[in-house]
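The following note sets out several points for the colleague who is to work with this model.

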Amino acid sequence: MQVEKGKNPFVGYEYKKITVNKNAVSMYLDCYKNFGWFTDENVASESGNSQITVQMKRDRKLINRVELTRLQKHFEACANEIETLEKSKTSTAAVCALVVGVLGTVFMAGSTFAVTHEPPVIWLCAVLAVPGFAGWLLPYFLYRFMIRKRTKKVFPLIEAKREEIYEICEKGHSLL
């Protein structure tokens with residue numbers, strides 16, 4: 001390859017490694033392009049169970065690099081908020097379901113102790129067995145109900161954050 005006189009083909013890059021959920025990797029790659037980043041073909045992506053790590057690079061001499069970096073940080077904050085909101089759909093539901101399941105187990109233990117007591121206290125065994133079985137059956141339905149309820153509450157917040165991300169990316173794209 002012949003280099004024209006006075007032109008330098010050298011490009012200095014800065015590098016960034018991102019690790020994201022596999023479900024969101026496409027969104028991240030699309031958004032990072034708007035801040036001047038593109039995937040580095042020289043490095044293979046690393047894939048884990050639920051996450052993927054991608055190596056990216058961009059020209060160090062971008063004209064609006066400082067503003068692009070500021071917008072990128074804003075994008076990353078919004079993306080983290082979306083991840084937190086997504087996780088919040090299941091975290092509270094899981095804790096509540098576990099607590100109800102453990103309480104059901106405690107009642108069943110009490111029922112077992114009542115029936116193995118000398119002399120057996122059958123009426124107490126029956127009284128404690130009812131909430132015990134309910135505590136074993138209820139967690140599944142409680143978990144599903146709480147997820148549906150939280151999803152309805154969180155969905156508009158996630159959509160608002162996505163809109164904010166798209167506006168940030170649009171600004172970043174216009175700076176390139």
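1. The radius of gyration used here is taken over C-alpha atoms, and the rule for a globule is 2.2 Å times the number of residues to the power 0.38. The structure is a predicted model. For 176 residues, a compact globule would have a radius of gyration near 16 Å, whereas the chain has 27 Å.

2. The extent of the chain can also be given as a box. Along the principal axes, the C-alpha atoms fill roughly 105 × 30 × 20 Å.

3. As to secondary structure, the chain contains three helices and four strands. Read from the N terminus, the order of these elements is β-α-β-β-β-α-α. Helix α3 covers residues 122-175.

4. Contacts were examined between residues at least 6 apart in sequence. Of these contacts in the chain, 74% join residues that are at least 24 apart.

5. Ala160 has its place in helix α3. Is this residue, Ala160, buried, partly exposed or exposed? Ala160 counts as partly exposed because its relative accessibility is 45%, which falls between the limits of 20% and 50%.

6. With regard to burial and surface, 30% of the 176 residues of the chain count as buried. The accessible surface of the chain comes to about 12,100 Å², and carbon and sulfur atoms account for 62% of that area.

7. The charged side chains of the chain number 24 positive and 18 negative. The centres of these two sets lie 1 Å apart.

8. How many disulfides does a search of the whole structure find? The search finds zero.

9. Cys78 is buried, since its relative accessible area is 1%. Cys169 is buried as well, with a relative accessible area of 5%. Both values are under the 20% limit that defines a buried residue.

Conventions
Residues numbered from 1 in each chain as written. Predicted model: local features only at pLDDT ≥ 70, side-chain atom pairs only at ≥ 80, totals over all residues. Heavy atoms only, no water. Helix = DSSP H or I, 4+ residues; strand = E, 2+ residues; numbered from the N terminus. Buried < 20%, exposed > 50% of the residue type's maximum accessible area, 1.4 Å probe, protein only. Contact = heavy atoms within 4.5 Å. Areas by Shrake-Rupley, 256 points an atom, 1.4 Å probe, with all protein chains shown as cover. Lys, Arg positive; Asp, Glu negative; His and termini not counted. Charge placed at Lys NZ, Arg CZ, Asp CG, Glu CD. Disulfide = S-S within 2.5 Å.
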